[in-house]
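Before reading on, please take a moment with the sequence and the structure shown here.

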Amino acid sequence: MKKFTSVSDVKNLQEIIKKALQIKENPLSETEKGKGKTIGLVFLNSSLRTRLSSQIAAQNLGLNVLTLNAAQEAWNLEFADGAIMNGDTVEHIKDAIEVLNQYCDIIAVRCFAGMKSKEDDVNESILSQFEQHAKVPIISLESATRHPLQSLADCITITENWKEERKPKVVLTWAPHIKPIAHAVGNSFAEWMQEMDVELVIANPKGYDLDKNFTKDVKIIHNQDEALKDADFVYVKNWSSFDDYAAMPEVKEGWMLTNEKIANTNQGKVMHCLPVRRNVELSDEVMDGENSIIYQQAKNRIFSAQAVFSEILDGLNSK
C-alpha cells in the first residue's frame, strides 16, 4: 500500500479486515516494524478518536509519533496557488509539506470540508495538495469527502457482529442536527459498504440525497420506517444537502432514532461514528441500550489505523 485515502487504495478489503482483527487479538505483535521511522499526524481540525487511535496504533508499531494541531499550533497556512501573502497567512502549504517531507516517513492528515465552496470540497482542495507535494506516503485521517479509517473500522465492526450465512441488511440513516454537517462519513460508508457483502439501503429525507458519485446504484428511501424494516445494522449519521450545498431543508418528520423505531428492525445493531448529539440524532435509550455497538466501533478505530499503518510500513520496509 503506497497511500490510503479511499477504499480504492485497498487491494483486498477482506484481507485487511482479517489483519485488523488479528491485530486486535495481539496489538503488540509488530512493535519493531516501525522502529526508526516517524509518522507525522497533522490535524487541521479538532479530533478525539482519530487523534488518540492513530497515536496508539502508531506506538503499537514502534513508530515515532509527531502530532501537530496545525490550526492552533502552527503558522496560519495559505492554500491558494499564486497567493500574494501580505495578509494573515504566514506559511504556504507547499512549504509546510516540504518540511514535513524532511521530518517524516509517513504523513497522515485530517481536514474537513469548508462547506462554503462545493467545487473546492468535491475536488479535495486541501488533501489534494498533500498528495501533490508529499514525497512520502499520505494517509487520510478524514477529508472533505471521505473518512476512510472510520469506514474501515465500520467494516471491522460489522464483520465481528455478523455470523449468519445470508447478507446482512445495513441501513445508513440520516439524523437531525443543529447545524450543517459535511458528507464525508456518509459518502465513505456508502462507498465501503458497496465493497462488502451486504444489502445497503440509505434512508434520508427529500433534499438530503448524498453525492451519486458515492451512492451509485444504492437504494435510497425517503421513509425512515420503511428503510429500517428488518435491518440488521443501523448506522446513524447527519449530513447537510449536497445538491443545495450545505443547506438544511426543513424536515417535518421525526428522524431521531428511538427504541420505537428500532423495534421495526431485526434487532438491529446501532452504529455511529461519534461524537453524537444525544437526544437529537438518537435517544439516550438507544445510545445506552443493548442494541448499541457504538463504543465497540470506536475501539476498532485503533485497529483500522494499525492495519493501515502496518501495510504502509510493509511498503517502506521493502525498499
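This is a predicted model: local features need pLDDT of at least 70, side-chain atom pairs count only at pLDDT 80 or more; totals for chains, interfaces and linings use all residues.

Glu 142 has a relative accessible area of 9%, and because buried means under 20%, Glu 142 is buried. Leaving aside residues up to four places away in sequence, Glu 142 touches Val 109, Arg 110, Cys 111, Phe 112, His 147, Ala 184 and Val 185, and the side chains of Glu 142 and Arg 110 are joined by a polar contact of 3.3 Å.

An unreviewed UniProt entry lists Glu 142, His 177, Lys 237 and Arg 277 under "binding site", and the lining of the largest pocket includes Glu 142, His 177, Lys 237 and Arg 277. Lys 237 is found in strand 10, residues 233-237, and is buried, with a relative accessible area of 11%. Among the residues that Lys 237 touches, not counting those up to four places away in sequence, are Trp 174, Val 185, Cys 273 and Glu 281.

Helix 1 is a separate place to look. At 1.5 Å a residue, the 13 residues of helix 1 (residues 13-25) should span 18 Å, and the end C-alpha atoms are 19 Å apart, which agrees. In helix 1, the residues Leu 13, Ile 16, Ile 17, Lys 19, Ala 20 and Ile 23 are buried; seen down the helix axis, the buried residues fall within an arc of 160°, so they line one face of helix 1. These buried residues pack against helix 7 (148-160), helix 8 (184-193) and helix 13 (294-317). At the N-terminal end, helix 1 is capped by Asn 12, with a side-chain oxygen 3.2 Å from the backbone nitrogen of Gln 14.

Note on methods. Residues are numbered from 1 along each chain as its sequence is written. Side-chain values use heavy atoms; hydrogens and water are left out. UniProt positions are given in the numbering used here, feature names are shortened, and annotations may be inferred rather than shown by experiment. On a 1 Å grid over the protein atoms alone, a cavity is a set of points where a 1.4 Å probe fits but cannot get out, and a pocket is an open set with protein on both sides within 12 Å along at least five of seven lines; lining residues have an atom within 4 Å of a point. Buried means under 20% relative accessible area, exposed over 50%, partly exposed in between (1.4 Å probe, protein chains only). Contact means heavy atoms within 4.5 Å. A polar contact is a pair of N or O atoms within 3.5 Å; within protein, one must be able to donate a hydrogen and the other to accept it, and residues adjacent in sequence count only if both atoms are side-chain atoms. Helices (H or I, at least four residues) and strands (E, at least two) are DSSP runs, numbered from the N terminus. The expected span of a helix is 1.5 Å times one less than its number of residues. The arc is that of the directions from the helix axis to the C-beta atoms.
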